[in-house]
Amino acid sequence: MKKFFLVIFLVFLFSCGMFSKSSFAKELPIFDLGETVVTGTREPTSIKSAPGNVSVITAKEIKEIHPITTGEIIRNLAGVHVLSNGSPGQITMTQIRGSFSTQVLVLLDGRPINIPSLGSADLAGIPPDIIDRIEVVKGPYSALYGANAMAGVINIITKKGDRKEPFKFDFSCGSYSTLKTCIELTIPAGDGNLMLLGNIFNTEGTRQNSAVRQQDINFRFNTPLKNGNLTCSGGWHTAKIGTPGTQPSAIFAKRTLTQQIMGNNEISTPLDNTNDSQGYLNFLFNRGNLTWQFYLTTLQPTYHFQYLQTDFFGNAQMQIENDSSRTGIASSEIRYRFRQTEKSFLTIGATWENSTFSYDQNLFNQATGELKNTRWSAQRVTTAYYLEENWDTGPVLINLGLRTDNPSDFASQVSPRAGLLWKMNKDTRLRVSYGKAYRAPTLNDLAWPADLFSRGNPNLNPEKSDSFEISIETSPGKTFLGRLAYFNENVKDMIAWAPTGPMGVFGNIWQPSNLNELKKNGIEVEVRWRPVERFTLKGTYSSLDATQTNNELVDALNNILTPISRVAANIPRKRAALDLSYNTGLFNILLRGEYSDEKYQYYQNWNNWPVVTMDTKTIPSYSVFDLYLSRKIKLGKNEGNLFFNFYNIFNQEYALNFGSDINDRNYPMPGRSINMGFSARL
């Protein structure tokens with residue numbers, strides 16, 4: 001961490017040397033607190049009047065970095081930690097305030113994209129070119145959104161099209177044979193627009209078998225109505241993704257059989273891959289105070305795995321597995337906003353959602369010729385009703401929310417939330433909030449097919465949390481914004497697999513159960529400052545104290561589980577990020593730095609069976625710096641941009657995700673790399 005702050009300090013001193021007195025001539029806003037957001041209340045509200053803290057990444061900020069991935073856009077937000085399995089295109093999940101990715105709700109234009117069978121959302125399947133802005137709210141929001149909004153909500157809002165610049169073209173290339181092309185076309189349609197956007201992304205990846213071939217096509221049609229608006233959007237995404245697995249142990253004898261025979265020093269397997277196909281159709285109708293949304297989502301991934309197992313006599317046998325799954329989601333929501341007074345309103349809403357899931361597993365034993373087919377399916381139908389009351393008395397705004405969710409496969413849930421905003425003066429705001437939230441059991445947890453060793457558990461309860469937060473925000477003038485927040489969260493009934501099922505041939509059957517607890521408290525600091533016209537500083541810092549109490553298996557013979565408290569797994573205690581941006585008049589220069597503290601993971605040790613203990617693995621702390629250079633260019637009467645992105649400029653070796661084994665070397669992140677290109681607006 002010393003290196004991180006040393007570099008930042010030196011760059012800051014150098015930047016200060018470039019400032020002249022004339023630089024202070026203009027007071028440009030660092031952050032538009034009057035900007036309208038929708039995620040925190042589901043209704044248009046200014047940031048400064050939102051009952052909870054809202055972080056917004058604008059189109060201008062996205063354009064400044066010309067990102068390769070969506071995770072790159074949000075990774076420096078306070079309290080947000082983006083986790084990736086390696087090079088661009090590999091699985092990318094998010095944590096908020098040390099949560100699991102299943103406890104973060106991700107929306108695309110208000111449409112949840114968390115997969116019901118897994119519970120999480122993969123950002124790798126969202127091309128950054130379609131994004132206009134991103135809104136992030138932290139804390140429990142099940143009172144508004146239902147399941148999985150325990151730690152917060154990330155709402156990705158797509159582009160609407162631009163009549164003034166109807167044709168846009170972006171091209172970039174870089175390290176690892178990375179190529180990205182995007183064409184955006186806006187067609188006038190009466191008083192509205194039809195936007196068409198096509199995207200192709202290819203990369204060979206940083207390791208063998210990490211190549212990605214991704215194609216996306218999206219559209220969005222907007223048309224104004226009398227006292228309202230109609231939007232129809234949709235898209236289709238396909239990708240072929242090589243999955244090399246973790247980096248094996250440096251000690252050959254500690255590698256798995258598959259890693260020893262099929263892998264090498266860098267990869268676990270050269271043959272595993274995923275073919276992903278998914279599409280959606282989304283309708284949004286607004287008229288006056290009435291809003292109606294209807295969407296359809298389909299996901300149809302296929303998976304190929306090859307690995308080695310030993311039979312009873314110790315002979316290696318090749319297993320070839322080809323799996324496919326289908327997920328379908330249909331949902332409708334209607335809400336109405338009653339304005340009670342000029343500054344107070346009540347919102348009521350109702351939702352209906354039908355999720356279906358099926359999985360087809362085909363396992364072929366090459367040595368014996370045996371083909372085993374396993375199929376399972378699940379369905380969840382959920383109805384929900386919610387209301388939100390806002391009273392604005394001038395200096396104080398009170399927000400109350402309540403939602404009841406009634407799923408078909410687990411017990412109904414009631415989620416309350418209360419928030420208070422005190423406008424202490426024209427520059428300072430104090431926010432206090434409390435809420436309860438829940439994370440739904442996944443369809444895999446509930447319906448996993450039974451065999452001799454494991455099964456799903458249809459009697460699972462959802463994970464539940466209660467959270468408290470107090471924060472203060474100040475914005476003296478237009479060039480400074482500061483935020484300080486303290487939060488506390490307790491999560492109970494966390495789901496984990498353990499031998500808690502009925503007695504089977506080989507002992508108690510493993511199944512998911514509500515076994516664990518997690519307690520967290522921490523602080524977050526966010527600063528945005530423009531001391532002079534051309535220089536901008538954005539900094540975040542978070543400190544998190546998290547303790548897990550898990551029911552761990554300690555005696556495999558008698559299936560004894562004992563509650564044991566440890567430092568929470570996979571959660572860095574401290575994180576910091578800093579963006580320094582300077583416009584020379586010719587170039588825009590952005591230096592981004594990120595520091596993350598060490599974190600731990602725990603693995604069962606069966607070497608002294610029946611006694612089972614836990615081994616601890618550490619991902620060391622790291623500091624990573626990226627440099628972004630861009631320059632505007634004239635294209636006749638129009639303009640474009642040239643950009644050069646230098647990633648991991650100090651070639652830091654680091655990992656974000658742990659591997660599945662105590663001995664492997666996790667999922668290595670890319671070293672020093674470059675991406676460059678140009679964009680044209682015509």
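A nonpolar core is a set of buried Ala, Val, Leu, Ile, Met, Phe, Trp, Tyr and Cys residues joined through side-chain atoms within 4.5 Å. The model described here is predicted. Its largest nonpolar core has 35 residues, and a search of the whole structure finds 35 salt bridges.

**Nonpolar cores**

- Within the largest core, the residues with the most contacts are Ile73, Ile74, Ile131, Ile134, Ile154 and Ile156.
- Elements that contribute two or more residues to this core include the helices α2 (59–65) and α3 (71–74), as well as β8 (131–138), β9 (152–158), β12 (192–203) and β14 (228–242).
- Leaving aside residues up to four places away in sequence, Ile131 touches Ile62, Thr70, Ile73, Ile126, Ile156, Ile157, Thr158 and Lys159.
- A second, separate core comprises 14 residues, among them Ile47, Ala50, Tyr145 and Tyr386.
- In soluble globular proteins, nonpolar side chains tend to be buried together.

**Salt bridges**

- Arg97 and Glu469 form a salt bridge in which the closest N and O atoms are 3.1 Å apart.
- Arg97 lies in the loop between β5 (92–96) and β6 (104–108), while Glu469 belongs to strand β24 (residues 463–474), so this pair ties together parts that are 372 residues apart in sequence.
- Both Arg97 and Glu469 are buried.
- Arg439 and Asp445 also meet through their side chains in a salt bridge, at 4.0 Å from N to O; Arg439 is buried, as is Asp445.
- A further salt bridge joins the side chains of Glu552 and Arg566, with an N to O distance of 2.7 Å.
- Because Glu552 lies in strand β29 (residues 535–555) and Arg566 in strand β30 (residues 560–567), the pair links parts that are 14 residues apart in sequence.
- Glu552 counts as buried because its relative accessibility is 6%, whereas Arg566, with a relative accessible area of 23%, is partly exposed.
- Salt bridges with shared partners connect Glu61, Arg429, Arg431, Glu473, Arg483, Glu526, Arg528 and Lys538 in one network.

**Strand pairing**

- Strand β13 (residues 212–225) runs antiparallel to β14, and 14 bridges join the two.
- Arg213 has Lys240 in β14 as its bridge partner.
- The hairpin formed by β13 and β14 has 2 residues between the strands, and Asn227 in the turn has a positive phi of about 60°.
- β14 also pairs with strand β15 (residues 273–287) in the antiparallel sense, over 15 bridges.
- In this second pairing, Leu230 stands opposite Phe285 of β15.

Notes. Residues numbered from 1 in each chain as written. Predicted model: local features only at pLDDT ≥ 70, side-chain atom pairs only at ≥ 80, totals over all residues. Heavy atoms only, no water. Helix = DSSP H or I, 4+ residues; strand = E, 2+ residues; numbered from the N terminus. Buried < 20%, exposed > 50% of the residue type's maximum accessible area, 1.4 Å probe, protein only. Contact = heavy atoms within 4.5 Å. Pairing = 2+ DSSP bridges.
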